[in-house]
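Q: Hi! Could you help me find my way around this protein? I'm new to reading structures.

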Amino acid sequence: MPELPEVETVRRGLEPAMAGQRILEAQVRRPDLRWPFPERMAERLEGKRVERLRRRSKYILVDLNSGESLLIHLGMSGRMIISGDVPGSFHHDLLPLAKHDHVVLEMENGARITFNDARRFGAMDLVPTAECDAHPLLASLGPEPLGNSFDGPRLAATLQGRRSQIKVGLLDQTLVAGLGNIYVCEVLHRAGLSPLRRCNNISRARVEALVPIIRKVLEEAIEAGGSSLRDHRQTNGDLGYFQHAFRAYGRESAACSTEGCGGTIRRVTQSGRSTFYCPDCQR
Ligand SMILES: [Zn+2]
């Protein structure tokens, strides 16, 4: 499931193919994904110029010169594929449309953007640009972890009243937006903080210290995504997810990579989701 760094990587991959370009033709090849597509979606996209691509949490927002924005959520399995031409960047032959290619945008520069989603947990909607923040999917989101309004004192203030475990607390999207299971595991491992600790039982200094770690873990993953993007462009134009080397996530029974630790990564379940951590160095 794509998390913030993967979504940011897709946004960056789409930018050179879409920004400043008009959508010449839009094909909407089924009535819905997770939810029905908005009414007359193709008509509302065709002929419109893309002004810019933004990201909020795990959502991509494509601002159009019509005053509307195309909101894209990749869901569990959504992929963006670029084929055709992106001048100065690459050329991939246009392929016949494949199964699960649900939305296809032909851009004026010759690029074709295909949204493929086998499991159909993804979503697309059209929203007035000025009202994006009030969209039901975005309205209750907390601050962006890489933005200025996310800081230590604010995080400490929100967590100090909570009895939930810190792993569960950090997954609360109203507290900080876009952090998912994988990166929360990585953050706690790097912080040497046990995922089982209760939020209200962690010192203020340790909570505040999480903020720069969260930023660093996400920034490193975005950087890794950037290099994978260059490879993808050279291969097949598929912006789908890169394999990032994780220190804790997915490493059950492996030796802990913390210097001098010697522990073993364990997997436990918290709120129905797998947590990977090292009981020796995460206290
Ligand atoms: Zn360890």
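Predicted model: local features only at pLDDT ≥ 70, side-chain atom pairs only at ≥ 80, totals over all residues.

Q: Is Ser253 buried or exposed?
A: Ser253 is exposed, because its relative accessible area is 59%, and the cut-off for exposed is over 50%. Its backbone is worth a look too: phi of Ser253 is near 75°, a positive value in a residue that is not glycine.

Q: What about His100, what is its phi?
A: His100 also isn't a glycine, and its phi is positive at about 75°. You'll find His100 in the loop between strand S6 (90–92) and strand S7 (101–107). With 27% relative accessibility, His100 counts as partly exposed.

Q: Okay, new topic. How many salt bridges does the structure hold?
A: There are 19 salt bridges in the structure. One of them joins the side chains of Arg55 and Glu8, at 2.8 Å from N to O.

Q: Where are those two in the chain?
A: Arg55 is in strand S2 (residues 50–56) and Glu8 is in helix H1, so the pair links distant parts of the chain, 47 residues apart. Arg55 and Glu8 are both buried. They also belong to a network of salt bridges, together with Arg11, Arg12, Glu15, Arg56 and Glu144.

Q: And how far apart are Glu208 and Arg204 in helix H6?
A: They are 4 residues apart in helix H6 (residues 204–235), which means about one helical turn separates them. Glu208 is partly exposed, with a relative accessible area of 27%, and Arg204 is partly exposed at 45%.

Q: Which residue does Glu252 form a salt bridge with?
A: Its partner is Arg267, and the closest N and O atoms are 3.3 Å apart. This pair links distant parts of the chain, 15 residues apart: Glu252 is in the loop between H6 and strand S10 (266–270), while Arg267 is in strand S10. Glu252 counts as partly exposed at 43% relative accessibility, and Arg267 does at 40%.

Q: What's going on with Glu186, is it buried or exposed?
A: Glu186 is buried, yet it has no salt bridge. The nearest side chain of opposite charge belongs to Arg190, 5.3 Å away, and a salt bridge needs the atoms within 4 Å.

Q: Now the inside. How many residues are in the largest nonpolar core?
A: That core has 32 residues, and Leu14, Met18 and Met80 have the most contacts inside it. Helix H1 (residues 4–18) gives the most to this core, with 5 residues. A second, separate core has 27 residues, including Ile202, Leu218, Ala221 and Phe246.

Q: Which residues form a nonpolar patch on the surface, then?
A: Met1, Met76 and Phe121 do, with about 280 Å² of accessible area together. Met76 lies in the loop between strand S4 (68–73) and strand S5 (78–86), and at 31% relative accessibility Met76 counts as partly exposed.

Conventions. Residues numbered from 1 in each chain as written. Heavy atoms only, no water. Buried < 20%, exposed > 50% of the residue type's maximum accessible area, 1.4 Å probe, protein only. Lys, Arg positive; Asp, Glu negative; His and termini not counted. Patch = residues over 30% accessible without salt bridge, like charges linked within 9 Å, V, L, I, M, F, W, Y side chains within 5 Å. Areas by Shrake-Rupley, 256 points an atom, 1.4 Å probe, with all protein chains shown as cover. Core = buried A, V, L, I, M, F, W, Y, C linked by side-chain atoms within 4.5 Å.
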